Structures are given as C-alpha cells and as structure tokens.
Amino acid sequence: MPRDTATDTPTGVGTQAVVLIRLQQFYAAQVHALNDGDHVTYRGTFTTDAEFVLGGAPAPLHGAEAITEHSRSLASRRSESGDVQRHHVTMTGLVNRPGTAIAARSRTLITTTTPHGATVVTASTTCLDEFAMEGGVLRIRRRVVVRDEARD
C-alpha cells in the first residue's frame, strides 16, 4: 500500500477511508464474536503468534490460543454470575507505527449488564492494534490495551 513519507500512513483520503471502513468491519466482527462467545471466530482475528499486552496484567499473552483461552475463562466466570458483557469500539483512527502496514488506535467502552437489568460501564480503554495481512485477511499481531484509570 503506498504510504505518505511524512506520516508513514496509507496515502490519499480515498485510501484511508477504505482502510478505516475495513477496520470498522473488522472490529464489528471481532467484538460480535467476543460478545457472543464465538471463540473460534475471535481466535481467527489474531495472528497465531500475536501478542496481547493488557495494562495491569502480570505479563503479556502470547499467541492466538492464549488470548482466546483468557477470553474464554473470563466469559465462563461472567456466565456463572449471569452478567452479560459487551465491548463498544469507537473513535478508530490510523496511526503511524514504523514497520507496520496498518495500525489503529481506538477507544473501547466495556459495559456489563447484571441479571437484574442494570447496565454499567465497567471499563474504558485505549487500544493500539498493529495488523498483519495473512492471505488478504486482516489479523492483529500486537494489541496493547490501557485502561483509563491506569494512565499517568
């Protein structure tokens, strides 16, 4: 993909718009899979050797399988309590990450609805994703999530 040498981002408004639309579709598919417990589809949104850095966690998760197992474990705990969690990805923008074809920064609000119907925002985060193309399919090769309360 041609890149602007000053910003190292895809060139042209049309090109950037196409990339952003593709990212919106990617995130919609990813969070629907995550929210619906479709762990096979969710796993497929990461490269096999992906790294997931979650602020506050003792260590990064390495590999799509470890990332998926972590999400599966959290979903199991929520299922026991009857809570329903949803991820809402917003404000996605392209960012400059040397050596990465596509990188995006977004905000994610995580809401939890209790069995009694009360819905609360349980986290507000900033996500930085670096993507790889594998056979024409976008996949995350590195994700860094920072919870807003952890910001300096």
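**Sheet, helix and pockets**

Let me start in the sheet, with β4 and β5, which pair antiparallel over twelve bridges. Keep in mind throughout that this is a predicted model. The β4 and β5 hairpin has five residues between its strands, and Gly 117 in it has a positive phi, near 95 degrees.

Moving along, β5 also pairs with β6, again in the antiparallel sense, over ten bridges. Here Cys 127 is opposite Val 145 in β6. The hairpin of β5 and β6 has two residues between the strands. Gly 135 in that hairpin takes a positive phi near 60 degrees.

On the β3 side, β3 and β4 are antiparallel as well, with nine bridges. Thr 90 faces Arg 107 of β4 across that pair.

What order do the six strands take in the sheet? Reading across, the order is β2-β1-β6-β5-β4-β3, in an open sheet with mixed pairing. The edges are β2, residues 61-62, and β3, each of which pairs on one side only.

Now the helix. α3 covers residues 64-81, which is 18 residues. From first C-alpha to last, α3 reaches 26 Å, close to the 26 Å expected at 1.5 Å a residue. Which residues of α3 are buried? They are Ala 64, Ile 67, Thr 68, Ser 71 and Arg 78. Viewed down the axis of α3, these buried residues fall within an arc of 90 degrees, so they line one face of the helix. Arg 77 and Glu 80, on the other side of α3, are exposed. After α3 comes Gly 82, with a positive phi near 85 degrees.

That leaves the pockets. The largest pocket holds about 560 Å³ of space. Its lining has 28 residues, and those nearest the centre of the pocket are Leu 34, Phe 52, Leu 54, His 87 and Ile 110. Which elements supply at least two residues each to the lining of the largest pocket? Two helices are on the list, α1 (13-36) and α3. The strands on it are β1 (46-54), β3 (84-94), β4 (102-113), β5 (119-134) and β6 (137-147). By residue class, the lining of the largest pocket has 14 nonpolar, ten polar and four charged residues.

The second largest pocket has a volume of about 160 Å³. Among its lining residues are Leu 34, Asn 35, Gly 37 and His 39, along with Ala 75, Arg 78 and Ser 79. The lining also includes Asp 83, Val 84, Gln 85, Arg 86 and His 87. The elements giving two or more residues to this lining are α1, α3 and β3, and β3 gives the largest share, four residues. The lining of the second largest pocket divides into three nonpolar, six polar and three charged residues.

Some names come up in more than one place. Leu 34 and His 87 lie among the residues nearest the centre of the largest pocket, and both also line the second largest pocket. Arg 78 is a buried residue of α3 and also lines the second largest pocket. The edge strand β3 supplies at least two residues to the lining of the largest pocket.

That is what I have for today.

How values were computed:
Residues are numbered from 1 along each chain as its sequence is written. This is a predicted model: local features need pLDDT of at least 70, side-chain atom pairs count only at pLDDT 80 or more; totals for chains, interfaces and linings use all residues. Side-chain values use heavy atoms; hydrogens and water are left out. The expected span of a helix is 1.5 Å times one less than its number of residues. Buried means under 20% relative accessible area, exposed over 50%, partly exposed in between (1.4 Å probe, protein chains only). The arc is that of the directions from the helix axis to the C-beta atoms. On a 1 Å grid over the protein atoms alone, a cavity is a set of points where a 1.4 Å probe fits but cannot get out, and a pocket is an open set with protein on both sides within 12 Å along at least five of seven lines; lining residues have an atom within 4 Å of a point. Grid points are joined across faces, edges and corners, and a volume is the space filled by probe spheres set on the points. Ala, Val, Leu, Ile, Met, Phe, Trp, Tyr, Cys and Pro count as nonpolar, Asp, Glu, Lys and Arg as charged, and the others, Gly among them, as polar. Two strands pair if DSSP finds at least two bridges between them.
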